[in-house]
There are 2 protein chains.
Amino acid sequence: MGFLELVEKRESCRSFLRDPVERGKIERCLEAARLAPSACNGQPWRFVVVESEPLKSTLAERAFSGIHKMNAFAKEAPVLVAVVTLPTRAAATFAGLFRRFSYPLIDIGIACEHFVLQAAEEGLGTCWLGWFDDKPVGNLIGLGFREKVHVLLAVGYGKDKRPAAKMRKPLREMSEYR
Amino acid sequence: MGFLELVEKRESCRSFLRDPVERGKIERCLEAARLAPSACNGQPWRFVVVESEPLKSTLAERAFSGIHKMNAFAKEAPVLVAVVTLPTRAAATFAGLFRRFSYPLIDIGIACEHFVLQAAEEGLGTCWLGWFDDKPVGNLIGLGFREKVHVLLAVGYGKDKRPAAKMRKPLREMSEYR
């Protein structure tokens with residue numbers, strides 16, 4: 001499968017089967033994330049794979065309630081990965097202060113996308129989640145100084161097998177040559 | 001080539017040949033970026049492919065001088081892609097204000113990584129650049145309201161053909177099961 005095919009195949013899965021996910025598959029997703037590039041090679045991430053009960057259900061219940069209910073579908077996923085953003089290296093922190101943006105957020109984007117693309121290759125469904133209550137999530141998994149959970153990834157076997165067409169801006173609207 | 005092989009192959013290229021890059025290859029890199037997921041499908045990006053002279057050299061000269069000289073190697077690259085971060089959709093902007101981080105930075109991470117992974121598949125070398133003078137870059141390409149250039153991508157054929165071993169934290173240091 002070429003990379004563009006894999007990109008086509010990856011899509012947000014919002015309906016999961018109860019089937020458990022093989023450990024070997026998760027390990028390869030983690031390996032893909034591990035090898036991701038990051039600013040100054042800071043690797044400002046930690047992947048906490050939550051799969052055992054009752055932790056998984058407790059975390060899902062607290063993360064996706066109230067104003068975060070819109071993502072309640074993720075409670076069905078057999079695996080939730082809490083992606084912890086770590087403070088990065090001094091050089092990248094300084095550059096970020098100077099340029100006024102957070103390099104680790106870009107790094108988290110890269111590493112998580114490696115994870116979900118590998119998952120797509122493994123036949124797994126995933127969904128990026130950025131809208132959840134991060135306080136109980138942090139309390140349940142335990143966070144260190146200046147650590148945050150910006151992203152959760154729902155992982156499992158999807159009920160729908162065929163990817164839907166992607167709704168995106170046309171190529172010439174999002175790119176140009178100079 | 002499996003996805004993990006592609007991830008191994010992608011590396012930061014800091015030494016470019018002068019050979020021009022075929023338009024078809026750049027188009028497929030843009031297509032991979034176009035299909036990237038983003039918060040609320042906001043697609044908050046615009047890819048400006050700078051390849052013609054004297055613009056490319058002027059942009060490189062101004063971006064990588066003074067305190068940004070450390071990335072002067074990128075002046076050699078035949079193509080520089082200015083990745084413009086756009087304001088995203090209202091829902092993602094609101095969620096970002098609520099959660100106190102910028103969703104578009106994560107989105108930019110994803111879309112740019114799609115670009116460089118497709119480039120690796122095409123046999124091209126790339127380098128993510130987050131340290132450059134963004135003011136002249138913005139002036140040269142022209143920015144709209146609330147648009148920023150957080151990332152430049154250097155693209156070309158690399159002088160080194162074989163990927164080096166990646167220096168990363170071990171798998172069990174960056175991940176755990178619960």
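Trainee: Which residues of E1(A) sit on one side and which on the other, and are they buried or exposed?
Mentor: Trp45(A), Phe47(A) and Val49(A) are on one side, with Arg46(A), Val48(A) and Val50(A) on the other, and all of these are buried. Keep in mind that this is a predicted model.

Trainee: What does E1(A) pair with inside chain A?
Mentor: With strand E2, residues 79–85 of chain A, in the antiparallel sense over 6 bridges. If you want a spot to look at, Val50(A) stands opposite Leu80(A) in E2(A).

Trainee: Which strand of chain B pairs with strand E1 of chain A, and in what sense?
Mentor: That's strand E5 of chain B, residues 175–177, and the pairing with E1 of chain A (residues 45–50) is parallel, over 3 bridges.

Trainee: Which residues in E5(B) do Phe47(A) and Val49(A) face?
Mentor: Phe47(A) has Ser175(B) as its bridge partner, while Val49(A) stands opposite Tyr177(B).

Trainee: OK, zooming out. How many residues are in contact between chain A and chain B?
Mentor: 74 residues of chain A are in contact with 74 residues of chain B. The area buried between the two chains is about 6,400 Å², and carbon and sulfur atoms give 61% of that.

Trainee: How many salt bridges are there between chain A and chain B?
Mentor: The count is 6 salt bridges. One between the two chains joins the side chains of Arg99(B) and Asp134(A), at 3.5 Å from N to O. There are also 46 residue pairs in polar contact between chain A and chain B, both partners at pLDDT 80 or more.

Trainee: New topic: where does Ser38(B) lie?
Mentor: In the loop between helix H2 (23–34) and strand E1 (45–50) of chain B.

Trainee: Is Ser38(B) buried or exposed?
Mentor: Buried, with a relative accessible area of 16%; the cut-off for buried is under 20%.

Trainee: What does Ser38(B) touch?
Mentor: Leaving out residues up to four places away in sequence, Ser38(B) touches Gln43(B), Pro44(B), Trp45(B) and Asp107(B). For Gln43(B), the backbone nitrogen lies 2.9 Å from a polar atom of the Ser38(B) side chain.

Technical notes: Residues are numbered from 1 along each chain as its sequence is written. Chains are lettered from A and ligands numbered from 1 in the order in which they are written. This is a predicted model: local features need pLDDT of at least 70, side-chain atom pairs count only at pLDDT 80 or more; totals for chains, interfaces and linings use all residues. Side-chain values use heavy atoms; hydrogens and water are left out. Contact means heavy atoms within 4.5 Å. Buried area is the accessible area (1.4 Å probe) that two parts lose on being put together, summed over both. A salt bridge is a side-chain nitrogen of Lys or Arg within 4 Å of a carboxyl oxygen of Asp or Glu. A polar contact is a pair of N or O atoms within 3.5 Å; within protein, one must be able to donate a hydrogen and the other to accept it, and residues adjacent in sequence count only if both atoms are side-chain atoms. Two strands pair if DSSP finds at least two bridges between them. Helices (H or I, at least four residues) and strands (E, at least two) are DSSP runs, numbered from the N terminus. Buried means under 20% relative accessible area, exposed over 50%, partly exposed in between (1.4 Å probe, protein chains only).
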